Amino acid sequence: MPEGKKKPAKTGNTRQSTRVLKEDSLPNHSNGSSTHRMPRFIDLFCGIGGFRIAFERAGGKCEFSSDWDKFSQITYEANFGEKPHGDIHHVAVADIPAHDILCAGFPCQPFSIAGVSKKLSLGRKHGFDDEKQGNLFFEVANILDYHRPAAFVLENVKNLRSHDQGRTFEIILNTLTDTLGYTVYSKIIDAQCVVPQHRERIFLVGFREPRYFEFPDFPEEGPRLSSILEIDPPAKYTLTDHLWQYLQNYAKKHKAAGNGFGFGLVDGNDIARTLSARYHKDGSEILISQGPDKNPRRLTPRECARLMGYPSDMVIPVSDTQAYRQFGNSVVVPVVEGIARAVVKTMNRPVHARPDLVLVGDNLTTVSLPKRTRTPVSYLKPPPKRKV
Ligand SMILES: C[S@@+](CC[C@H](N)C(=O)[O-])C[C@H]1O[C@@H](n2cnc3c(N)ncnc32)[C@H](O)[C@@H]1O
């Protein structure tokens, strides 16, 4: 067979010609469930709007946001002109507008999720039947149950998958698939492909219809710290002699005991460790070397914004302490942007269609994913909620 020609595909006993359709030449099959208009999304646990920037770049329109942290609300409002709603427990699910995509970097409360599992097996009250155990993941599940958006994107720490020997993740997956009927894909992505930071997060992408989805490909190698460092950062970010000595002593002690990595001293050629929400405490996980004659310094809030992939015009209206907390809690924008674009593209494809649709003869060949059925459970029937 000449090079470059595809082997004809076999369909039963018939040999027919096959060609792979390019993404852009796909016909517009909506099956009544895809959206070719601007997809509407909601931004739950929105923090400072990492999901919002990503989904707006992918062509989405934000319909609703929620975060109860007043300082995150200040940053969000300064950047998007809208103050997020507060505690999600106090938002009536019916007051949330209809949407196509639900986005949530929900805080992880695995113990209460594990609690639900145990209670389920003991046949006791669980989840929404028990106000105290009301869990933020189940708030998300409840909104999915009520609004049935075409898709969702959830983000969490990598350990969600292994917590409680995998039971927490199993309950989350079972709820999304068996209970709510979504087709779900998950992947751990390390943001160092797009920013100079090792940051592994798990993403769960789900579709109401049984759709094929592929997480986007990111570059093998990302940028180095030199790409985000300020040329002349203010002196206040340089560690005092006292703190620098303390960190070195602490690291020595722990190294001798065989634990921990101590501080993380890096320069422009390196990539940083994960920026945490507690970076404001001593900044020890990412210290920028300033040569042998000067103490290292911590990152400035603007550098943290860049380290998380935020655009240069991101307004930082809060104190350094709050800014470090907010960026340390955030998503890496270009990672979510890649996922957002892939989700929107997938929603615009025919249901069941694989990304590389194959034409067999005159017919589009699609491999069917099973239509998921839903198994209602009582914990997704919440008690009436107070209005905001
Ligand atoms: C991991 S952060 C998400 C950050 C966000 N994805 C971003 O890019 O900035 C979780 C957020 O959930 C918020 N949160 C926690 N409990 C909440 C609740 N009951 N109602 C609303 N927001 C809540 C926290 O204030 C925090 O900003």
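**Sheet, helix and ligand shell: a dialogue**

Guide: In this predicted model, 3 strands make up an open sheet, ordered β10-β11-β12, with mixed pairing.

Visitor: Why is one side of β10 and of β12 left without a neighbour in the sheet?

Guide: β10 (265–266) and β12 (297–298) stand at the edges. Each has a single partner strand, so one side of each has no neighbour in the sheet.

Visitor: What makes β10 and β11 count as paired?

Guide: Pairing needs at least two bridges between the strands. β10 and β11 (residues 287–288) have 2 bridges, in the parallel sense. Therefore they pair. In β11, Leu-287 is the bridge partner of Leu-265.

Visitor: Why is Lys-294 called exposed?

Guide: Lys-294 has 11, so it is exposed. Lys-294 sits in the loop between β11 and β12. Its C-alpha atom is 9.2 Å from that of Leu-239, 55 residues apart along the chain.

Visitor: How do you know that α6 lies largely in the open?

Guide: Count the buried residues. Of the 16 residues of α6, the number buried is 1, so the helix lies largely in the open.

Visitor: What span is expected for α6, and what does it reach?

Guide: At 1.5 Å a residue, 22 Å is expected. Helix α6 (residues 241–256) reaches 23 Å from its first C-alpha to its last, close to that value.

Visitor: Why is Phe-45 called buried?

Guide: Buried means 20 or more other C-beta atoms within 10 Å. Phe-45 has 24 C-beta neighbours inside that distance, so it counts as buried. The residue lies in the loop between β4 (40–44) and α1 (50–57).

Visitor: Which residues are closest to the ligand?

Guide: Phe-45, Gly-47, Gly-50, Asp-69 and Gly-105 are the closest of the 20 residues that surround the ligand.

Visitor: How many residues of each class does the shell around the ligand have?

Guide: The shell has 9 nonpolar, 8 polar and 3 charged residues.

Key
Residues are numbered from 1 along each chain as its sequence is written. This is a predicted model: local features need pLDDT of at least 70, side-chain atom pairs count only at pLDDT 80 or more; totals for chains, interfaces and linings use all residues. Helices (H or I, at least four residues) and strands (E, at least two) are DSSP runs, numbered from the N terminus. A residue is buried if 20 or more other C-beta atoms lie within 10 Å of its own, exposed if 12 or fewer, and partly exposed in between; C-beta atoms are placed from the backbone. A residue is near a molecule or strand if its C-beta atom, placed from the backbone, lies within 6 Å of it. Ala, Val, Leu, Ile, Met, Phe, Trp, Tyr, Cys and Pro count as nonpolar, Asp, Glu, Lys and Arg as charged, and the others, Gly among them, as polar. The expected span of a helix is 1.5 Å times one less than its number of residues.
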